[in-house]
Amino acid sequence: MAKLITLKIAVLVAKKEVASNEKVVRWILFIYVLYGIGMAWYLFVADTSIPPEWKGTSADPSTFLTPREQMLSEEYSRWKDLLFFLAVPYEWLIYFCLLALGVAKALQTWVERATKWFTLRSVLYVFWLSLIVAAFSLPLNFVGYHLSRAYGISTQSVSSWLKDELTNFFVDTVLFMLIATVLYWLLRRFERRWWLYAWVLCVPFMIFLCSFSRFTEKTVTKQKRFPF
């Protein structure tokens, strides 16, 4: 009987915590919507023209663009800027909602039941977390792709774009798995000085990433055979 009462109390407390977290999530979403409206007003309604002293100089787009090109360029820039400012807090908003609504906790519980191996737990958790975030981020990324097609900036097909998105997802997820596994191991192995060892390992890792990105850039450039 005592165990049953304790279980009921625990369920009630959990429900109250979820309800409280849901209120916080609603407020955060409301603030994000206000932020989006404010950015849209600034980019599309407020006067963002260049200062009068710069008109007629090389900084003035009207000196090297036709009126139609200038109009399309300004429209495209405004939409891309809006997407950029919306995307910056959007990913953090996804992570916050996953934490507040208990999704991250439920995922952790499932992973812990699925396997006893610490490394495999980290890999599974990071993979499913990255998949959820990527699924929620896909619509916003697709809007950016559609804008590029609509304004003639890109001629990439939808299938090619999806292939690139899938490739980026797997590359980012593998790197995230590696980083998370190492950090979790350091936290368990060195409880007080884990941050120092993480910083020491971060230096060669960043050097490797920079070298790898340069190598990839050179390879892509050679494959495309640019005339410069």
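**View 1. What counts as a pocket.** On a 1 Å grid over the protein atoms alone, a pocket is an open set of points where a 1.4 Å probe fits, with protein on both sides within 12 Å along at least five of seven lines. Its volume is the space filled by probe spheres set on the points, which are joined across faces, edges and corners. The largest pocket of this predicted model holds about 630 Å³ of space. Totals for linings use all residues, while local features need pLDDT of at least 70. Residues are numbered from 1 along each chain.

**View 2. The lining of the largest pocket.** Here 21 residues line the space, and Ala-134, Ser-137, Asn-141, Phe-169 and Asp-172 lie nearest its centre. A lining residue has an atom within 4 Å of a point. Helix α4 gives the largest share, 9 residues. By class, the lining has 13 nonpolar, 5 polar and 3 charged residues, with Gly counted as polar and Ala as nonpolar.

View 3. Helix α1 (a DSSP run of at least four residues) gives 8 residues.

Notes:
Predicted model: local features only at pLDDT ≥ 70, side-chain atom pairs only at ≥ 80, totals over all residues. Heavy atoms only, no water. Helix = DSSP H or I, 4+ residues; strand = E, 2+ residues; numbered from the N terminus.
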